[in-house]
Amino acid sequence: MDTSLVNSQTVELLSQITGQKLTQKNLTPPVIFLANLVTVLLGVIFVDGTVAESEKQRLLTTLYRFSNPESDVRKLTHLMIKGVKENQVYKQVNSLLVLAAPLSESEKLLLISFGYQMSAADGEIDPHEKKYLEIVAKHLGIQSQHLAVLEAGFTHQQNAETIPLNEVHFLLDPARFQELDTIFVKAASDILMSLPAKAEHKITKPPRKVSYGELKKFQEYRKQLDNYCYQLSQIIQDCTNRGFLPHTLIEELGEVSQKVQSQRFRLSVLGEFSQGKSTLLNALLGEEIQPVREIPCSGAVTVLKYGTQKRVVCRYKDGREEEIPFEQYQLKATISEDAALGCLSDELAHNEIDEIVFEHPDLELCSNGVEIVDSPGLNEHPDRTAITQKLLKDTDAVIFLTNASRPITQVERHLLQDVRTQLNHGKDNKSANNIFVVGNFIDLVRSEKGREQVRQRIERFVQGQNIVTGENRVHFISAQAALDAILQGTEDEYLKAFQNFTESIEKFLTFDSGIVKIKHSISQINQVLEKGLDGLYQSQDTLDGKIQISEAEKQKVLEKIGEASGRDVRIRLLASQAIDTVFDQAAESWDEWREGLGDRMANKSQHWYSEHSPVWSQDKLIRDYTNQFIRDLSKEIDEWGNTKLKDVILQKNLKYLDTSIAYELDAIQGQFKSLDEHIQTNFSQQLQLSINGINDDFTGMGGFGGGVGIGGALATGLIVFTGVGFIAVIVASVAAAIAGSFGFGMLDFDGLKDQIKGKIFELGFKNFDESMDKLTDKLDEIVGSVFENRVESASRIIAQAIALYENLLEQQEKAHNETLEQREADKVWIYQKRQELEQVKNELEVILNINTAIASSIT
């Protein structure tokens, strides 16, 4: 609908019809279409001079489908009926043309379709009514061949001509009516159901197999690394069993091996409701897995992943988990049709399902290491912030789906910017290289000029707003047309465009993300391998008598073991004290911040915007204002979390803890260096490898600081409070409460928006303040995890240091008790194991070089 064609004549005419003083801002697309519909339907029933009671009932039945009883829209509908009837607008061609001027070709055809549907309710079309509809259609520019299709459909004839029939199906595609409302999308779908079906292409070929060759290669590398981890575990376990390596090494390798085995790509699909996300996933998978319909469908986060057998696991928000029959999957994953057409936010708010995990052994994409996370539509979801956080956790790439046949909505703009910020760990001025913006329904834009305009419009936004960076990050597809081609084994322009899109995704996952994963895994395996080699060299030196310690020195080693254990306990006590300090300081800081929050939020609310009317689309206006309340509240908490909690309170206390940890580890490292110099061991080198491994885990988090070579002072990127995760628990309760709290039932436009804002403030702050216990729990979780991670990392290093001490004593005892022949045999055995480790190291180097060469070739 081209609302730029709404002028003073339109406003004056609708004000006259409704008896209300309207403004151009009040004339939203649904209001304009409703006025046209009332006019045409009244023209149909009045054209023959008599109005039967059954016709009145059919009129109300048709119009009532667009509103709920006692709603403002229902009142507006009655005002329109009364005004159109009294002014006989249906007889005035000029008035009808003024009302219909903003309508698109599809909307005009849908309008006339309702006229034919009502006229043919008894199976026949009255000649007078048919003539009236033909006259109106001619003035609206609707082709007579399209009218013949409508007549054939509503009078149950099956002789419609193929070309006009396909054109009508094209024009009435439900995706074209999302700008109006979900109800109109459903109405268009119902109209199509009444018409003869399009001629189906006869399937002459088997379904096209979807292939992901590059991802398959990556999986082969991952399997090789897994195999090398297994070989290493066998070698190290043998060495540990014979006392030549400390027991902690096999535990360390087990952690690395687990990471390699669980390594996968996580691909998240986001967008508003009814943008074709489920159809897109079906096309990616090459199979109709996800439930699909024209109106909002998906109601829960769904994870599609590889499994050895087909099964569905439903996880609930209260922690319960159950395996459900496959037949129940689509039912569980779908919201009800009533909710889709009415109180969508309410049903979503009360949905007890946290996520549904669908495992399948035969989905090509998933079997090649990709987990796909499908989201419910986020534009009307009361838990949007929490859902987005779940979707983006550990994600490798995001597919953001929008409707190419209409401009990007304001909600989509905010959502894209939010996704970019989260992927960049809170940096809102930096573009993301792992967002793929996909314009779906490109088949609804027929002309090349129109498609070029669509491309320019979307690319201008994502580039102008600094949303994405990288090549081939914007694509235009028809997910349904691509899926049809895949299932029918055919090939067309839509399949080619879809393949270009999947190749871009595959290239990013494999070369941008995958090579980084491979290199990191090889680095971790090599760290364990180097420790093994160092340990075996030390064992041989012990057997050769190069490393000997006296009884007094043994006693000192035992004392060092006790000291190391004491250092571990001391670090844990310091961490506990630091956490208590953080909470005390955070509580004081929060109270100061909360005092001025109301005034700051009130100032921000002056800039809240919604394109929806407080009468026709009050629920959507409330949704927009609620989302902006949540957005502004999130930003306020961001500021407190980043400038006060993170940059001051946490940084100060973590720096204290890090300094303490560094001091304790420095002391152990110093003892090891002294021991190395005295008896020619290499303990300090082995411990340094452990420290380097922890430093890798804390990349971007500053390490422990101090003199152990872990990276100096605490980095500013320690934690990022983005309003996601930190307040997700609060946002959910606020949004759910606001969603169903309005019942204004009035047609007075003046001040209504301000009243809605006031109600949102009242309920929002009420729920916010009542959620302090949840906020405290979340703060406890975040702060506790940060300190716990550091303590456990330090504890792991200390445990490895103790194991090195103990292994030294064990080797000394073993060498002392063995005969010369036994020691010589041990040295031969150790040499063989070193050779085996060197062989694994060389093979890892080959994989690393191949991936480095690949990375160089694509940069």
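Colleague: At what angle do helix α23 and helix α29 pack, and how far apart are their axes?

Modeller: Good place to start, and keep in mind that this is a predicted model. Two packed helices are described by the angle between their axes and the distance between the axes. Here, α23 (residues 551-595) and α29 (residues 772-817) meet at an angle of about 170°, and their axes lie 10 Å apart.

Colleague: Why is α23 called roughly antiparallel to α29?

Modeller: Angles over 145 degrees count as roughly antiparallel, so α23 is described that way relative to α29. As for what sits in their contact, the residues comprise 23 nonpolar, 10 charged and two polar.

Colleague: Now for the spaces inside. How many cavities of 30 Å³ or more does the structure hold?

Modeller: There are four of that size.

Colleague: Which residues lie nearest the centre of the largest cavity?

Modeller: Those are P246, T248, K531, Q800 and L804, out of 10 lining residues. Helices α12 (248-261), α26 (683-697) and α29 each give two or more residues to this lining. By class, the lining has four nonpolar, four polar and two charged residues.

Colleague: And which helix gives the most to the lining of the second largest cavity?

Modeller: That is α22 (residues 493-543), with four residues. This cavity holds about 40 Å³ of space, and its lining includes Y212, L215, T502 and E506. Sorted by class, the lining residues are eight nonpolar, one polar and one charged.

Notes:
Residues are numbered from 1 along each chain as its sequence is written. This is a predicted model: local features need pLDDT of at least 70, side-chain atom pairs count only at pLDDT 80 or more; totals for chains, interfaces and linings use all residues. Side-chain values use heavy atoms; hydrogens and water are left out. Axes are lines fitted to C-alpha atoms, for helices over the stretch in contact, and angles run from 0 to 180 degrees between N-to-C directions. Angles under 35 degrees count as roughly parallel, over 145 as roughly antiparallel, 65 to 115 as roughly perpendicular and the rest as oblique. Ala, Val, Leu, Ile, Met, Phe, Trp, Tyr, Cys and Pro count as nonpolar, Asp, Glu, Lys and Arg as charged, and the others, Gly among them, as polar. On a 1 Å grid over the protein atoms alone, a cavity is a set of points where a 1.4 Å probe fits but cannot get out, and a pocket is an open set with protein on both sides within 12 Å along at least five of seven lines; lining residues have an atom within 4 Å of a point. Grid points are joined across faces, edges and corners, and a volume is the space filled by probe spheres set on the points.
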